[in-house]
Amino acid sequence: MTIAEALELAQKHLADKANSQGEAFSLLESLLGKSKPELVLSRSKLLTKEQVKTLKTWLERRTAGEPLQHILAKAPFYGLELMVSPEVLIPRPETEVLVDRALQQLRKLAKPRVLDVGTGSGAIALAIKQECPSAEVWASDLSADALKIARENAKCLHLEVTFIHADLLTEPELADYARTVDVLLANLPYLPASDKAWLSSEVQHDPELALFSGEDGLELFYNLEKQAFSLLKKGSAGFFELDPRNVWQAYEACAHWSAREVFQDLVLRDRFLRLVR
Ligand SMILES: C[S@@+](CC[C@H](N)C(=O)[O-])C[C@H]1O[C@@H](n2cnc3c(N)ncnc32)[C@H](O)[C@@H]1O
């Protein structure tokens with residue numbers, strides 16, 4: 001089978017996906033270690049038997065609903081290529097907006113201190129460190145398995161981030177650090193438990209610990225907000241990603257902060273909350 005035939009086969013299998021051509025190229029790029037232009041230029045080159053076998057297995061997994069990122073074991077985030085596994089949430093493009101907004105604030109400071117709570121693959125913490133190398137960045141997660149992936153990503157990207165295993169800010173060393181930070185970010189689980197019945201087949205592949213947050217989706221946010229309010233220093237800011245369905249409810253509950261703002265994601269849905277201590 002030639003590269004051109006393999007691309008055609010992949011596109012046919014993935015016909016029901018929104019971006020079947022893009023996905024077909026991603027699979028072939030990963031399988032053959034070639035860029036998209038290289039694939040196009042070597043369309044008549046033959047795949048080995050082993051490569052054809054792997055491609056067919058990948059296409060079966062994808063057709064069965066497994067996310068492309070799990071098949072490729074990687075996901076892009078803020079210009080970084082992150083390793084992902086079923087133990088971590090696949091980083092989403094909307095979270096890049098949260099990073100953007102935090103960076104606007106961080107770039108005004110000489111040596112900012114940053115904390116990413118519920119880091120998963122390390123996406124937010126690593127993007128911040130990459131974009132703002134003078135920052136001291138710590139990141140935490142309740143999942144030891146997620147932290148393993150985050151640490152591995154930091155190592156591969158040569159980015160220095162301190163990782164802590166903790167339930168929100170309850171770990172003493174993390175609480176001490178939180179008292180000194182300029183910016184805290186959190187994309188914690190925010191789906192209401194009732195959403196379990198409606199999950200798309202792709203979201204079903206994300207770990208449950210990364211998705212649900214009590215009956216209304218706000219349980220973890222409220223717990224973190226309380227802890228952050230008592231620990232953060234005056235003038236520091238918290239940036240939170242929330243469910244557009246309840247971000248204004250969270251906003252209403254945070255009138256005791258010095259300033260608060262809801263801002264929008266890439267498709268103009270109100271999704272994020274910024275709180276100033
Ligand atoms: C929605 S995922 C987000 C991951 C990552 N921040 C991102 O944006 O891709 C939420 C993360 O919060 C972690 N988490 C859940 N409950 C937690 C808790 N009580 N304390 C710290 N982390 C928690 C999960 O393990 C998961 O990695």
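**Helix packing in its setting**

Modeller: According to an automatic or database domain assignment, the protein chain falls into domain 1, covering 3-64, and domain 2, covering 86-276. The model is a predicted one. Taken over C-alpha atoms, the centres of domain 1 and domain 2 are separated by 35 Å.

I begin with the pair α1 and α2. Helix α1 spans residues 3-13 and helix α2 spans residues 20-32; their axes lie 9 Å apart, and the packing angle is about 130°. The two helices, α1 and α2, are therefore oblique to each other. The crossing in which α1 passes α2 is right-handed. On the α1 side the contact involves Ile3, Ala6, Leu7, Ala10 and Gln11, which meet Ser20, Gln21, Ala24, Leu27 and Leu28 of α2. Sorted by class, this contact of α1 with α2 holds 7 nonpolar and 3 polar residues, with no charged residues.

Helix α2 also packs against helix α4, which comprises residues 49-63; the axes of α2 and α4 come within 11 Å and cross at roughly 140°. An angle of that value makes α2 oblique to α4. Here, too, α2 passes α4 in a crossing that is right-handed. Leu27, Leu31 and Leu32 of α2 make the contact with Gln51, Thr54, Leu55 and Trp58 of α4. The class division for α2 with α4 is 5 nonpolar, 2 polar and no charged residues.

Helix α6, residues 95-106, packs with α7 at an angle of about 40°, and the axes are 10 Å apart. That angle makes α6 oblique to α7. The crossing of α6 and α7 is right-handed. Thr95, Leu98, Val99, Ala102, Leu103 and Leu106 contribute from α6, while Ala123, Ile124, Ala127, Ile128 and Glu131 contribute from α7. By class, the residues of this contact of α6 with α7 comprise 9 nonpolar, 1 polar and 1 charged.

Key
Residues are numbered from 1 along each chain as its sequence is written. This is a predicted model: local features need pLDDT of at least 70, side-chain atom pairs count only at pLDDT 80 or more; totals for chains, interfaces and linings use all residues. Axes are lines fitted to C-alpha atoms, for helices over the stretch in contact, and angles run from 0 to 180 degrees between N-to-C directions. Helices (H or I, at least four residues) and strands (E, at least two) are DSSP runs, numbered from the N terminus. Angles under 35 degrees count as roughly parallel, over 145 as roughly antiparallel, 65 to 115 as roughly perpendicular and the rest as oblique. A crossing is left-handed if the near helix is turned anticlockwise from the far one by less than a right angle, and right-handed if clockwise. Two residues are in contact if their C-beta atoms, placed from the backbone, lie within 7 Å. Ala, Val, Leu, Ile, Met, Phe, Trp, Tyr, Cys and Pro count as nonpolar, Asp, Glu, Lys and Arg as charged, and the others, Gly among them, as polar.
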